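Thank you for coming, everyone.

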Amino acid sequence: MTIPDDFDELLDRAHEVGRKIAALAADVDNRQGDLREPYRLLADAGFLSLLVPRRAGGAGLGFADYWRVLSVIGFHNGAAALGLNMHNAVIGPLCETADTPLPPMAEEFRAWLFAEVVEGGKMFASAASEPASGAKLRGLRTRYGRQADGAGFVITGRKSFVSLAGIADYYAVPARPEDSDDPGRVSHLLVSRDDPGVTFGEIHNLTAMYGTSTADMALDAVTVPASRLVLGIEGLSLTKVIREPHWMVAGYTGAYLGIAEAVCQAVVDHVTASPSRARSATVQRNLGLLAARLHATRALVERAGEAVDRERGGTTANTLVHAAKYAVADLGHEAAGIALSVCGSAAVSRSRPIERLLRELQYGSVMPAKPEECLEYLGKATLGVDLRDEEAFSW
């Protein structure tokens with residue numbers, strides 16, 4: 001489907017497809033719905049190519065506008081928004097280099113990826129986390145080596161909490177070379193869902209976000225052609241994450257902002273259903289506090305997104321995305337408290353949508369970078385620590 005040139009029309013389409021996937025959220029959460037259907041609807045609406053440059057057939061969105069669209073999707077269906085962001089977090093760094101000349105192998109890889117998304121409708125996901133180290137690249141145990149004939153690579157390892165397990169077509173797998181003990185030498189390779197040796201475990205029975213289709217992943221001597229080494233260059237992954245952390249640290253921030261706004265709307269709907277409750281000064285003050293926090297957090301998120309568009313990888317942009325990630329997680333805690341105070345039993349009843357939204361909202365503090373990691377980054381920035389120094393962080 002052709003993506004509208006006008007951004008307001010694109011937001012209208014986001015609400016349109018959002019209403020369709022909103023109708024699927026409860027059944028998927030109850031393990032009765034089709035995990036693939038929300039992503040099929042998003043793909044049919046053209047949302048897999050939001051970041052792909054227009055010359056390659058995509059919408060060509062910058063980071064700030066992408067966050068705006070993602071918050072709309074998150075408002076309607078939080079799990080689907082997280083899954084969509086997983087795809088865009090993989091292709092986003094490539095899309096951001098669209099106007100930058102690259103070496104021949106990197107140019108070929110980038111063109112192939114754009115074609116897979118736009119023409120092939122392929123979906124990408126990340127398989128970074130591991131049982132012992134989480135998402136931190138320095139602790140990776142997954143290893144890769146070259147095939148004897150030099151035609152490709154062989155990867156062996158175990159990944160945990162892989163979203164879009166069995167749904168995405170390709171998974172970006174960070175791994176360290178077998179012949180190096182350098183914890184910072186990490187490369188990303190794209191593994192196909194159908195590559196021999198790739199298997200997924202059972203979908204995790206999480207308290208929320210079942211719709212992300214999250215499971216463990218095993219890679220048993222998986223052969224990957226050399227053409228699927230990201231950008232055709234080994235050893236760039238950690239440096240990229242340290243210097244341009246906005247995707248790995250905070251790409252999904254827009255999704256959680258949308259969920260928080262959905263919680264606010266659910267509280268308003270509950271209050272306005274009872275005129276006497278709506279006239280309560282205490283309730284009005286609580287809603288006023290929630291509205292103020294939402295406005296402030298959205299303003300920070302938008303400012304952070306615009307800073308990334310202006311100076312991707314700059315100190316201001318990197319600091320602001322950490323601040324935005326922390327603010328959204330903190331907003332989640334406050335919104336949950338207000339919802340419980342105002343709505344009472346309605347907030348914990350499985351028959352009410354707000355109960356699911358509150359369960360989903362808590363995951364904003366679980367996914368990396370966690371709130372305390374964001375605060376550590378902000379503290380180091382305040383103290384003047386060199387934020388481009390790989391030794392300053394545990395990634």
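Predicted model: local features only at pLDDT ≥ 70, side-chain atom pairs only at ≥ 80, totals over all residues.

Residues are numbered from 1 along each chain as its sequence is written, and side-chain values use heavy atoms, with hydrogens and water left out.

Let us start with helix 10, residues 281-311, where a helix is a DSSP run of H or I with at least four residues, numbered from the N terminus. Its 31 residues should span 45 Å at 1.5 Å a residue, and because the end C-alpha atoms are 45 Å apart, the two values agree; the expected span is 1.5 Å times one less than the number of residues. Among the buried residues of helix 10 are Val-283, Leu-287, Arg-293 and Val-308, buried meaning under 20% relative accessible area with a 1.4 Å probe, protein chains only. The buried residues of this helix pack against helix 3, helix 7, helix 8, helix 9 and helix 11.

Leu-287 is also touched by Val-267, which has Ala-339, Val-342, Cys-343 and Ile-354 among its other contacts, a contact being heavy atoms within 4.5 Å. Val-267 is in turn one of the residues with the most contacts inside the largest nonpolar core, which has 112 residues; such a core is a set of buried Ala, Val, Leu, Ile, Met, Phe, Trp, Tyr and Cys residues joined through side-chain atoms within 4.5 Å.

Finally, the lining of the largest cavity receives four residues from helix 1, which gives the most; a cavity is a set of points on a 1 Å grid over the protein atoms alone where a 1.4 Å probe fits but cannot get out, and lining residues have an atom within 4 Å of a point.

Key
Helix = DSSP H or I, 4+ residues; strand = E, 2+ residues; numbered from the N terminus. Buried < 20%, exposed > 50% of the residue type's maximum accessible area, 1.4 Å probe, protein only. Lists of a residue's contacts leave out its neighbours within four places in sequence.
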